[in-house]
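Here is a friendly walk through one protein model and its ligand.

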Amino acid sequence: MSWENYVRKVVPYVAGEQPKNQNVIKLNTNENPYPPAPSVVEVIRNFDCEILRKYPDPNVSALADILAQYHGLDSSQVFVGVGSDDVLAMSFLTFFNSGKPILFPDITYSFYDVWADLYRIPYECQALDENFCIKKEDYKKQNGGIVLANPNAPTGVMAEMSILEEIIAANPDSVVIIDEAYVDFGGDSCVPLIEKYNNLLVVQTFSKSRSLAGMRIGYAMGNPKLIQYLNDVKFSFNSYTMNTLTIAAGVASVADEGYFRENIAKVIMTRERTKLELAKLGFIFGDSKTNFIFAAHKTVPAQEIFEALRENEIYVRHWNKPRIVNYLRISIGTEEEMDKMLAFLATLLKIKRG
Ligand code: PMP
């Protein structure tokens, strides 16, 4: 038993369920309902497996270069990792070492406290206001770093750029991470602020807007010094995080901007239509600029709706947590999937109202 005293004990993050049953309408993990770009599929189909004999490029240069070009940055301002979870975890390890508490909202991506616990980083959660907005004053106190998802998850609420800039400017001694996993669905990106603030790290992902959650690609953008420090930690951990096939698929995705824009436009259109229909059914929600809607029903508890949907093979996400227990997070699926969900909800809520 003695070795067990010395184990790094952690309570792991619980990801949304990935059901084996393929018939499930899966609106629980904010995946994109459309396939990756045809050019990505072609790269994978025509991939020359012979090159797998060799190690991949540890600098992930091809992908860093095209991402830099896409965002109007230099390659030295881009760090690529195995999904944004990997990039964020690496960033916590690299930048949050002051011993002072890091700050993030009480309702946000529930991996932040897990990484903080894993690395023994103290943290203080700051309560969002009653509309789930951040209060900028909460982020102007002593801290060892700040991490904000914008738009936030699971609420879908976006903070104004001026508020974020004020927070970044007020914290020159801390790294401020803006997690933009959902920004492509209509949000404003902090990337233009990178040139102005050397303490800003912006993190994005291929998992949502690029339909590549299964490929695992995420990246951080910031001052070359931040990126160098991130690379130092990465190369002290695992030089070859990105495999050769993934790098090629990622490059093809960024190269096909037309498909990317089309894909996003479809998701946004379905989101806006779904909002109108959900409102008619008595749901209330904020003005989500993401690929999900965080909604509460005026009269029927979320738990009941969640369970009824689930029994009918429609999966959404529900957390038994204070303040959000009455909300459902519904990812935007195809038009057909949303129609099925809305039809089911209409019947269910009619029965409940009775
Ligand atoms: N940040 C936020 C806010 C998220 O919701 C997610 C998706 N679970 C991630 C980061 C991680 O996404 P990925 O690792 O697939 O890039």
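The sections below cover aromatic pairs, charges over rings, the ligand site and some backbone details.

## Aromatic pairs

Please keep in mind that this is a predicted model. A pair of aromatic rings is described by the distance of the centres and the angle of the planes. The structure holds 19 such pairs. In one of them, the ring centres of Tyr13 and Tyr109 are 5.7 Å apart and the planes meet at 70°, so this pair is edge-to-face. Tyr13 sits in the segment before β1 (25–26), while Tyr109 belongs to the loop between β3 (102–105) and α4 (112–118), so the pair ties together parts that are 96 residues apart in sequence. Tyr13 itself is partly exposed, at a relative accessible area of 23%.

Tyr182 and Phe292 form an edge-to-face pair too, with 4.9 Å from centre to centre and 85° between the planes. This pair also links distant parts of the chain: Tyr182 is in the loop between β6 (176–179) and β7 (200–205), Phe292 is in strand β10 (residues 292–297), and the two are 110 residues apart. Both Tyr182 and Phe292 are buried. Elsewhere, ring pairs join up into a cluster whose members are Tyr13, Phe92, Phe96, Phe104, Tyr109, Phe111, Tyr112, Trp115 and Tyr123.

## Charges over rings

Two residues to look at here are Lys266 and Arg310. Lys266 lies over the face of Tyr34, 3.9 Å from the ring centre. Arg310 takes up a place over the face of Tyr315, at 4.4 Å from the ring centre.

## The ligand site

Which residues are closest to the ligand? Of the 13 residues that surround the ligand, the closest are Ser84, Asp179, Tyr182, Thr205 and Ser207.

Several polar side chains can be picked out around the ligand. In the side chain of Ser84, an N or O atom is 2.6 Å from an oxygen atom of the ligand. For Arg216, an N or O atom of the side chain is 2.8 Å from a ligand oxygen atom. Tyr109 has a polar side-chain atom 3.2 Å from a nitrogen atom of the ligand. Taken alone, the ligand exposes 400 Å², and the protein buries 91% of that.

## Backbone details

Most residues other than glycine have a negative phi, and most peptide bonds are trans. Where does this model depart from that pattern? A cis peptide bond joins Asn150 and Pro151, with omega about -5°, and another cis bond runs from Ala153 to Pro154, with omega near 5°. Pro151 lies in the loop between β5 (146–149) and α5 (161–169), and Pro154 is in the loop between β5 and α5 as well.

Asn30, although not a glycine, has a positive phi of about 55°. Asn30 is placed in the loop between β1 and α1 (38–45) and counts as buried at 0% relative accessibility. Ser211 also has a positive phi of about 55°. The loop between β7 and β8 (218–222) holds Ser211, which is buried with a relative accessible area of 11%.

## A look at Thr334

Thr334 is in the loop between β12 (327–331) and α10 (335–353). Is Thr334 buried or exposed? With a relative accessible area of 19%, Thr334 is buried, because the cut-off for that label is under 20%. Apart from its neighbours within four places in sequence, Thr334 is in contact with Pro33, Tyr34 and Thr270. Tyr34 is the ring whose face has Lys266 over it. Between the C-alpha atoms of Thr334 and Glu180, which are 154 residues apart along the chain, the separation is 23 Å.

Methods:
Residues are numbered from 1 along each chain as its sequence is written. This is a predicted model: local features need pLDDT of at least 70, side-chain atom pairs count only at pLDDT 80 or more; totals for chains, interfaces and linings use all residues. Side-chain values use heavy atoms; hydrogens and water are left out. Rings of Phe, Tyr and Trp (its six-membered ring) pair if their centres lie within 6.5 Å; planes under 30 degrees apart count as stacked, over 60 as edge-to-face and the rest as tilted. Helices (H or I, at least four residues) and strands (E, at least two) are DSSP runs, numbered from the N terminus. Buried means under 20% relative accessible area, exposed over 50%, partly exposed in between (1.4 Å probe, protein chains only). A charge sits over a ring if NZ of Lys or CZ of Arg is within 6 Å of the ring centre and within 35 degrees of the ring normal. A residue is near a molecule or strand if one of its heavy atoms lies within 4 Å of it. A polar contact is a pair of N or O atoms within 3.5 Å; within protein, one must be able to donate a hydrogen and the other to accept it, and residues adjacent in sequence count only if both atoms are side-chain atoms. Accessible areas come from the Shrake-Rupley method with a 1.4 Å probe; for residues, only the protein chains shown count as cover. Contact means heavy atoms within 4.5 Å.
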